[in-house]
Amino acid sequence: QQRAAMSQSSYDRAITVFSPDGHLFQVEYAVEAVAKGTTAVGVRGKDVVVLAVEKRSYAQLQDPRTVRKIVPLDDHVAMAFAGLTADARVLVNRARVECQSYRLRLEDPVTVEYIARYIAQIKQSYTQSNGRRPFGIASLIVGFDVDGKACLFQTDPSGIFSAWKANAIGRSSKTVREYLEKHYTDEIADSEKETIKLSVKALLEVVQSGSKNIELAVMHDKQPLTFLTADEVQKIVEEIEADKEAEAKK
(Lines give C-alpha, C1' and ligand atoms only; values in the text may rest on other atoms or scores of the structure.)
Protein backbone atom coordinates (compact mmCIF):
# COMPACT_ATOMS: atom_id res chain seq x y z
CA GLN A 1 0.00 0.00 0.00
CA GLN A 2 2.85 2.35 0.87
CA ARG A 3 4.56 1.48 -2.43
CA ALA A 4 1.31 2.21 -4.31
CA ALA A 5 1.05 5.61 -2.60
CA MET A 6 4.67 6.42 -3.48
CA SER A 7 4.02 5.31 -7.06
CA GLN A 8 0.99 7.58 -7.37
CA SER A 9 2.81 10.60 -5.92
CA SER A 10 5.59 10.19 -8.47
CA TYR A 11 3.19 10.04 -11.42
CA ASP A 12 0.75 12.79 -10.44
CA ARG A 13 3.33 15.57 -10.72
CA ALA A 14 3.50 15.54 -14.50
CA ILE A 15 0.42 15.94 -16.64
CA THR A 16 1.90 14.12 -19.63
CA VAL A 17 3.04 10.93 -17.84
CA PHE A 18 0.81 7.89 -17.55
CA SER A 19 0.98 5.77 -14.42
CA PRO A 20 1.73 2.05 -14.99
CA ASP A 21 -1.96 1.21 -14.61
CA GLY A 22 -2.99 3.74 -17.27
CA HIS A 23 -4.05 6.76 -15.19
CA LEU A 24 -3.44 10.45 -15.82
CA PHE A 25 -3.77 11.58 -12.23
CA GLN A 26 -3.93 15.33 -12.92
CA VAL A 27 -6.93 14.80 -15.20
CA GLU A 28 -8.61 12.68 -12.53
CA TYR A 29 -7.96 15.42 -9.97
CA ALA A 30 -9.60 17.93 -12.34
CA VAL A 31 -12.65 15.65 -12.47
CA GLU A 32 -12.71 15.72 -8.66
CA ALA A 33 -12.67 19.53 -8.76
CA VAL A 34 -15.78 19.36 -10.96
CA ALA A 35 -17.45 16.99 -8.48
CA LYS A 36 -17.02 19.62 -5.77
CA GLY A 37 -18.69 22.31 -7.89
CA THR A 38 -22.34 23.38 -7.77
CA THR A 39 -24.81 21.12 -9.54
CA ALA A 40 -25.98 21.99 -13.06
CA VAL A 41 -28.76 20.31 -15.05
CA GLY A 42 -29.51 20.48 -18.76
CA VAL A 43 -32.69 19.14 -20.39
CA ARG A 44 -33.46 19.12 -24.11
CA GLY A 45 -37.11 19.42 -25.13
CA LYS A 46 -38.66 19.42 -28.57
CA ASP A 47 -38.88 23.21 -28.86
CA VAL A 48 -36.93 24.36 -25.79
CA VAL A 49 -33.67 23.74 -23.98
CA VAL A 50 -33.40 24.33 -20.24
CA LEU A 51 -30.41 24.96 -17.95
CA ALA A 52 -30.85 24.89 -14.18
CA VAL A 53 -28.03 25.43 -11.70
CA GLU A 54 -27.62 25.41 -7.95
CA LYS A 55 -26.80 28.87 -6.61
CA ARG A 56 -24.44 29.17 -3.66
CA SER A 57 -25.36 31.72 -1.00
CA TYR A 58 -23.95 35.17 -1.69
CA ALA A 59 -22.19 37.52 0.69
CA GLN A 60 -24.58 40.16 2.01
CA LEU A 61 -22.95 42.99 0.05
CA GLN A 62 -22.14 41.03 -3.10
CA ASP A 63 -23.90 41.75 -6.40
CA PRO A 64 -25.37 38.37 -7.51
CA ARG A 65 -25.35 39.43 -11.18
CA THR A 66 -21.55 39.05 -11.18
CA VAL A 67 -21.73 35.38 -10.11
CA ARG A 68 -23.26 33.51 -13.05
CA LYS A 69 -23.05 29.78 -13.70
CA ILE A 70 -25.14 30.07 -16.89
CA VAL A 71 -23.66 32.22 -19.65
CA PRO A 72 -24.56 32.92 -23.31
CA LEU A 73 -21.89 32.12 -25.92
CA ASP A 74 -23.84 33.45 -28.93
CA ASP A 75 -27.41 34.46 -29.72
CA HIS A 76 -28.40 30.80 -30.04
CA VAL A 77 -25.88 28.97 -27.80
CA ALA A 78 -25.47 28.99 -24.01
CA MET A 79 -23.40 27.12 -21.44
CA ALA A 80 -23.71 26.08 -17.80
CA PHE A 81 -20.66 24.84 -15.92
CA ALA A 82 -19.53 23.18 -12.71
CA GLY A 83 -16.06 23.55 -11.24
CA LEU A 84 -13.58 26.42 -11.12
CA THR A 85 -15.25 29.67 -12.16
CA ALA A 86 -11.97 31.31 -13.20
CA ASP A 87 -11.21 28.42 -15.57
CA ALA A 88 -14.73 28.71 -17.00
CA ARG A 89 -14.24 32.41 -17.69
CA VAL A 90 -11.21 31.68 -19.87
CA LEU A 91 -13.08 29.03 -21.87
CA VAL A 92 -16.20 31.19 -22.21
CA ASN A 93 -14.17 34.09 -23.62
CA ARG A 94 -12.40 31.85 -26.13
CA ALA A 95 -15.67 30.19 -27.16
CA ARG A 96 -17.35 33.57 -27.70
CA VAL A 97 -14.50 34.72 -29.92
CA GLU A 98 -14.71 31.48 -31.92
CA CYS A 99 -18.48 31.93 -32.39
CA GLN A 100 -17.91 35.38 -33.90
CA SER A 101 -14.92 34.20 -35.95
CA TYR A 102 -17.00 31.33 -37.38
CA ARG A 103 -19.75 33.77 -38.33
CA LEU A 104 -17.25 36.05 -40.10
CA ARG A 105 -15.57 33.18 -41.97
CA LEU A 106 -18.66 31.25 -43.08
CA GLU A 107 -21.43 33.85 -42.80
CA ASP A 108 -23.47 31.35 -40.80
CA PRO A 109 -24.03 30.97 -37.07
CA VAL A 110 -21.93 28.32 -35.37
CA THR A 111 -23.51 24.90 -34.84
CA VAL A 112 -23.87 23.72 -31.25
CA GLU A 113 -21.83 20.58 -31.96
CA TYR A 114 -19.01 22.65 -33.46
CA ILE A 115 -18.63 24.87 -30.41
CA ALA A 116 -18.89 21.86 -28.07
CA ARG A 117 -16.11 20.16 -30.05
CA TYR A 118 -14.07 23.38 -29.99
CA ILE A 119 -14.29 23.65 -26.19
CA ALA A 120 -13.50 19.94 -25.80
CA GLN A 121 -10.45 20.32 -28.08
CA ILE A 122 -9.07 23.14 -25.93
CA LYS A 123 -9.55 21.01 -22.81
CA GLN A 124 -7.87 18.01 -24.42
CA SER A 125 -4.85 20.06 -25.52
CA TYR A 126 -4.26 21.03 -21.88
CA THR A 127 -3.88 17.35 -20.94
CA GLN A 128 -1.01 16.79 -23.39
CA SER A 129 1.45 19.64 -22.77
CA ASN A 130 4.01 20.31 -20.07
CA GLY A 131 3.71 23.48 -18.02
CA ARG A 132 -0.08 23.43 -18.04
CA ARG A 133 -2.84 21.90 -15.97
CA PRO A 134 -6.25 20.64 -17.12
CA PHE A 135 -9.27 22.93 -16.94
CA GLY A 136 -11.15 22.13 -13.74
CA ILE A 137 -14.63 22.45 -15.24
CA ALA A 138 -17.31 20.39 -16.94
CA SER A 139 -19.87 22.13 -19.10
CA LEU A 140 -23.36 21.67 -20.50
CA ILE A 141 -23.74 23.42 -23.85
CA VAL A 142 -27.24 24.01 -25.24
CA GLY A 143 -28.69 25.77 -28.25
CA PHE A 144 -30.46 25.50 -31.59
CA ASP A 145 -28.97 24.78 -35.00
CA VAL A 146 -30.05 26.56 -38.19
CA ASP A 147 -32.65 23.85 -38.91
CA GLY A 148 -34.31 24.51 -35.53
CA LYS A 149 -33.05 21.33 -33.88
CA ALA A 150 -32.51 21.58 -30.11
CA CYS A 151 -29.10 20.36 -28.91
CA LEU A 152 -27.46 19.50 -25.58
CA PHE A 153 -23.78 18.56 -25.26
CA GLN A 154 -21.57 17.84 -22.27
CA THR A 155 -17.78 18.27 -22.04
CA ASP A 156 -15.48 17.16 -19.24
CA PRO A 157 -11.88 18.02 -18.19
CA SER A 158 -10.36 15.20 -20.26
CA GLY A 159 -11.68 16.69 -23.51
CA ILE A 160 -14.53 14.24 -24.10
CA PHE A 161 -17.77 15.65 -25.49
CA SER A 162 -21.06 13.89 -26.09
CA ALA A 163 -24.70 14.65 -26.94
CA TRP A 164 -27.49 14.07 -24.41
CA LYS A 165 -31.25 14.36 -23.99
CA ALA A 166 -30.74 15.33 -20.34
CA ASN A 167 -27.71 15.34 -18.07
CA ALA A 168 -26.21 16.73 -14.87
CA ILE A 169 -22.72 17.78 -13.76
CA GLY A 170 -21.16 18.86 -10.49
CA ARG A 171 -21.96 17.85 -6.92
CA SER A 172 -24.19 14.76 -6.61
CA SER A 173 -24.53 14.62 -10.40
CA LYS A 174 -24.95 10.84 -10.27
CA THR A 175 -28.10 11.17 -8.12
CA VAL A 176 -29.56 13.82 -10.45
CA ARG A 177 -28.67 11.84 -13.58
CA GLU A 178 -30.38 8.75 -12.18
CA TYR A 179 -33.51 10.84 -11.53
CA LEU A 180 -33.43 12.14 -15.11
CA GLU A 181 -32.96 8.64 -16.52
CA LYS A 182 -35.97 7.45 -14.55
CA HIS A 183 -38.33 10.32 -15.39
CA TYR A 184 -37.33 11.70 -18.82
CA THR A 185 -39.78 10.67 -21.56
CA ASP A 186 -40.58 11.83 -25.08
CA GLU A 187 -43.99 13.02 -23.80
CA ILE A 188 -42.26 15.35 -21.32
CA ALA A 189 -39.89 16.58 -24.03
CA ASP A 190 -42.89 17.51 -26.20
CA SER A 191 -44.17 19.89 -23.51
CA GLU A 192 -42.22 23.05 -22.71
CA LYS A 193 -43.78 23.37 -19.26
CA GLU A 194 -43.02 19.74 -18.33
CA THR A 195 -39.44 20.04 -19.62
CA ILE A 196 -38.83 23.03 -17.36
CA LYS A 197 -40.49 21.28 -14.40
CA LEU A 198 -38.35 18.16 -14.94
CA SER A 199 -35.13 20.20 -14.77
CA VAL A 200 -36.25 21.84 -11.51
CA LYS A 201 -37.44 18.53 -10.02
CA ALA A 202 -34.07 16.94 -10.81
CA LEU A 203 -32.18 19.81 -9.20
CA LEU A 204 -34.41 19.69 -6.10
CA GLU A 205 -33.10 16.15 -5.53
CA VAL A 206 -29.88 17.74 -4.21
CA VAL A 207 -30.87 21.37 -3.48
CA GLN A 208 -32.63 21.48 -0.13
CA SER A 209 -33.46 25.18 0.24
CA GLY A 210 -35.94 25.38 -2.63
CA SER A 211 -36.28 28.09 -5.22
CA LYS A 212 -33.99 30.69 -3.66
CA ASN A 213 -30.95 28.55 -4.50
CA ILE A 214 -31.97 27.74 -8.09
CA GLU A 215 -31.06 29.70 -11.20
CA LEU A 216 -33.05 28.78 -14.30
CA ALA A 217 -32.68 29.76 -17.95
CA VAL A 218 -34.57 28.67 -21.06
CA MET A 219 -33.92 29.09 -24.78
CA HIS A 220 -36.23 28.79 -27.78
CA ASP A 221 -35.36 28.58 -31.45
CA LYS A 222 -34.29 31.95 -32.90
CA GLN A 223 -34.65 33.59 -29.47
CA PRO A 224 -31.91 34.56 -27.02
CA LEU A 225 -31.36 32.92 -23.64
CA THR A 226 -33.95 34.01 -21.07
CA PHE A 227 -33.37 33.90 -17.31
CA LEU A 228 -36.44 33.25 -15.18
CA THR A 229 -37.04 35.61 -12.28
CA ALA A 230 -37.00 34.44 -8.66
CA ASP A 231 -40.81 34.72 -8.54
CA GLU A 232 -41.18 32.56 -11.68
CA VAL A 233 -38.86 29.89 -10.24
CA GLN A 234 -40.76 30.03 -6.94
CA LYS A 235 -44.05 29.48 -8.79
CA ILE A 236 -42.63 26.37 -10.53
CA VAL A 237 -41.37 24.97 -7.22
CA GLU A 238 -44.79 25.54 -5.62
CA GLU A 239 -46.47 23.68 -8.50
CA ILE A 240 -44.07 20.76 -8.02
CA GLU A 241 -44.78 20.66 -4.28
CA ALA A 242 -48.53 20.78 -4.95
CA ASP A 243 -48.20 17.87 -7.38
CA LYS A 244 -46.31 15.87 -4.74
CA GLU A 245 -49.02 16.52 -2.15
CA ALA A 246 -51.74 15.48 -4.60
CA GLU A 247 -49.90 12.23 -5.37
CA ALA A 248 -49.40 11.51 -1.66
CA LYS A 249 -53.14 11.82 -1.04
CA LYS A 250 -53.98 9.25 -3.73
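Helix axes are taken as lines fitted to C-alpha atoms over the stretch in contact, with angles running from 0 to 180 degrees between N-to-C directions, and helices are DSSP runs of H or I with at least four residues, strands being runs of E with at least two, both numbered from the N terminus. The model is predicted, so that local features need pLDDT of at least 70 and side-chain atom pairs count only at pLDDT 80 or more, whereas totals for chains, interfaces and linings use all residues. Residues are numbered from 1 along each chain as its sequence is written, and side-chain values use heavy atoms, with hydrogens and water left out.

On these terms, the axes of α7 (residues 192-204) and α8 (residues 230-249) come within 10 Å and cross at roughly 80°. This makes α7 roughly perpendicular to α8, a class that spans 65 to 115 degrees. The contact (heavy atoms within 4.5 Å) involves, among others, Ile196 and Val200 of α7 and Ile236 and Ile240 of α8.

An open sheet of 5 strands has the order β8-β1-β2-β9-β10 with antiparallel pairing, where pairing requires at least two bridges found by DSSP. Because β8 (166-169) and β10 (226-227) stand at the edges with a single partner strand each, one side of each is left without a neighbour in the sheet.

Helix α5 (residues 173-183) lies across β1 and β8, running at about 170° to β8. Its buried residues (under 20% relative accessible area, 1.4 Å probe, protein chains only) are Ser173, Val176, Tyr179 and Leu180, and the cover over them includes β1, β8 and α7. On the other side of α5, Lys174, Glu181 and Lys182 are exposed, that is, over 50%.

Key: Parallel < 35°, antiparallel > 145°, perpendicular 65-115°, else oblique.
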